[in-house]
Amino acid sequence: MLCQRCNQKEANVHITKIINGVKTELHLCDECAKQSEDINVNFPINFGMPMSFQNILDGFVEMLGGAPKTYEEEVCPVCKMTFNDFRNKGRLGCGRCYSAFSQKITPIIKRVHGNIEHTGKVPARTGGELKLRRDIQRLKEELKIAINKEEYEKAAKLRDEIRYLESKLGTERGE
Amino acid sequence: MAWFFSKSSDEGIVLTSRIRLARNIDGVPFPHILDKDSAKKVVEDVTSAILDSNSAISKDFDVINLKDITLNERMSLVEKHLISKDLINRSDISAVMINKQKNVSIMINEEDHIRLQVIYPGFKLKEAYELASKIDDLIEERITYSYDTRLGYLTSCPTNVGTGLRASVMLHLPALTITKNINNIINTINQVGLTIRGLYGEGSNALGNVYQISNQITLGLSEEEIINNLIAVTNKIVEKEKKAREMLLEKQSVELEDELYRALGILKYARSISTQESLELISKVRMGVEMGIIKDVNVDKLNELFVNVQPATLQLLEKRDLSPKDRDIVRARLIREKLN
Ligand SMILES: [Zn+2]
Ligand SMILES: [Zn+2]
């Protein structure tokens, strides 16, 4: 596709803007995109252009559909911040906000980092505990299924494994 | 100021290596919406996690509540890269723990509850991360971090989520700047998920030819991958700076020699000089020394001047507040005394 502005170079910047409910698509080459001021403000992310996170966020929220009132009902149960607050400040209120606004935050995170899976360090103490809890939860669900299917031999094995992990969880927490 | 005073390595191109980890306490709102009492408790909890631990490290740290020190003292800590301006903006609730060697600082109630920073002279990113991670573990023995198995360490701004790691190097790139090759480098770096900016001054106008390069992506890559990427890119840039210096030397131009010696001349004899001009000239002389053009100036003295000519540090050294005009006079005197 050719750039809509100069009609000469290949368009490799694609922008979808929603203003007052009207969707506009814009396809530009790198150069025209850089020159265009209104894109610099609204274009969600391009690591080639220095811009603040607020700019990225503004552009992205606009892409999501714009009107502030859409987010009013979502409140973080811990810090009471709303998604709209986050939109204005560019900062979340607490760790719980990430799951409270998960649906809207996840695409933003993916835009910023190109990824949504942490592969780095795990906190030594709490990380181990978190993993154990998650494993226990998973085994309990498997146990339920096994019992429903009347696979009692498998269920017994699962039960033993859950007991073992729960005792391990107890030791980890110093109980 | 230990980190700036040590002997130069990598021909002085990599000035410092810095690691910063962002961490938050589980269940506690982030500093920007935290009430004063809860903020005070965060400071108490973090400081005691370090001070009450059985580790040998714990005895090294001093705790400074930002509200207890003068504006000048705060700004001087910024000039020495031990705290951020953001920490100053929250002086009513923020604190910092700084070790005796002045290469570790733990900022409390900055944008996140904890911003742990290790800064080393020269090119030592891995060593800096090792120490930071060790102190991180020490804090985590007592404090439950806000951590998600999928997203990693949760931070106030989603741009830091995941590893919470910002790794950076400070580079002195006078030859690349003089030969205008720096613009290509800036463009390339932005394409590989890193950012580059001038350390002093605004925007791309890098005073003293000092640049900072850091990772932009914190999620999806491990700490090791982030650091290795930065090391690889830094090595390439150091190589390019060396090449640019060789090219300058090959030309054997009188103009270059003249420019560098004039810089030294002004520094040695000026009676009034601004921060900006002094940084520019110190940078030139430093390059001249490293290229063997200027022979009788000690690089360590120049490194020290890079920090000491800045306004807040200058006033602290002089032990009084100075008007901008007096500052320029005192600065010129300080430089003369150092270089003559
Ligand atoms: Zn075009
Ligand atoms: Zn929250």
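A crossing of two helices is called left-handed if the near helix is turned anticlockwise from the far one by less than a right angle. Keep that in mind as we look at this predicted model, beginning with a pair of helices in chain B.

The pair consists of helix H10 (residues 275-290) of chain B and helix H11 (residues 299-308) of chain B, whose axes come within 10 Å and cross at roughly 160°. Angles over 145 degrees count as roughly antiparallel, and so H10(B) is roughly antiparallel to H11(B). The crossing of H10(B) past H11(B) is left-handed. Which residues meet here? From H10(B) come B:Leu279, B:Ile282, B:Ser283, B:Val285, B:Arg286, B:Val289 and B:Glu290, and they meet B:Val299, B:Leu302, B:Asn303, B:Leu305 and B:Phe306 in H11(B).

Now let us turn to chain A and a metal site. The zinc ion (ligand 2) is held by the SG atoms of A:Cys76, A:Cys79, A:Cys94 and A:Cys97, at 2.3 to 2.4 Å. Along the sequence, these donor residues follow the spacing C-x2-C-x14-C-x2-C. Within this set, A:Cys76 and A:Cys94 link distant parts of the chain, 18 residues apart. A:Cys76 sits in the loop between helix H3 (53-64) and helix H4 (83-89) of chain A, while A:Cys94 lies in the loop between H4 and helix H5 (97-100) of chain A.

Why is the arrangement around the zinc ion (ligand 2) tetrahedral? Its 4 donor atoms subtend angles of 97 to 127°, and four donors count as tetrahedral if all angles lie between 85 and 135 degrees.

Are A:Cys76 and A:Cys94 buried or exposed? Buried means under 20% relative accessible area, so A:Cys76, at 0%, is buried, and A:Cys94, at 2%, counts as buried too.

How values were computed. Residues numbered from 1 in each chain as written. Chains lettered and ligands numbered in written order. Predicted model: local features only at pLDDT ≥ 70, side-chain atom pairs only at ≥ 80, totals over all residues. Heavy atoms only, no water. Donors = N, O, S within 2.8 Å, 3.2 Å for Na, K, Ca; no water. Tetrahedral: all angles 85-135°; square planar, octahedral: opposite > 155°, others 65-115°. Helix = DSSP H or I, 4+ residues; strand = E, 2+ residues; numbered from the N terminus. Buried < 20%, exposed > 50% of the residue type's maximum accessible area, 1.4 Å probe, protein only. Axes fitted to C-alpha atoms, helices over the stretch in contact; angles between N-to-C directions. Parallel < 35°, antiparallel > 145°, perpendicular 65-115°, else oblique. Contact = heavy atoms within 4.5 Å.
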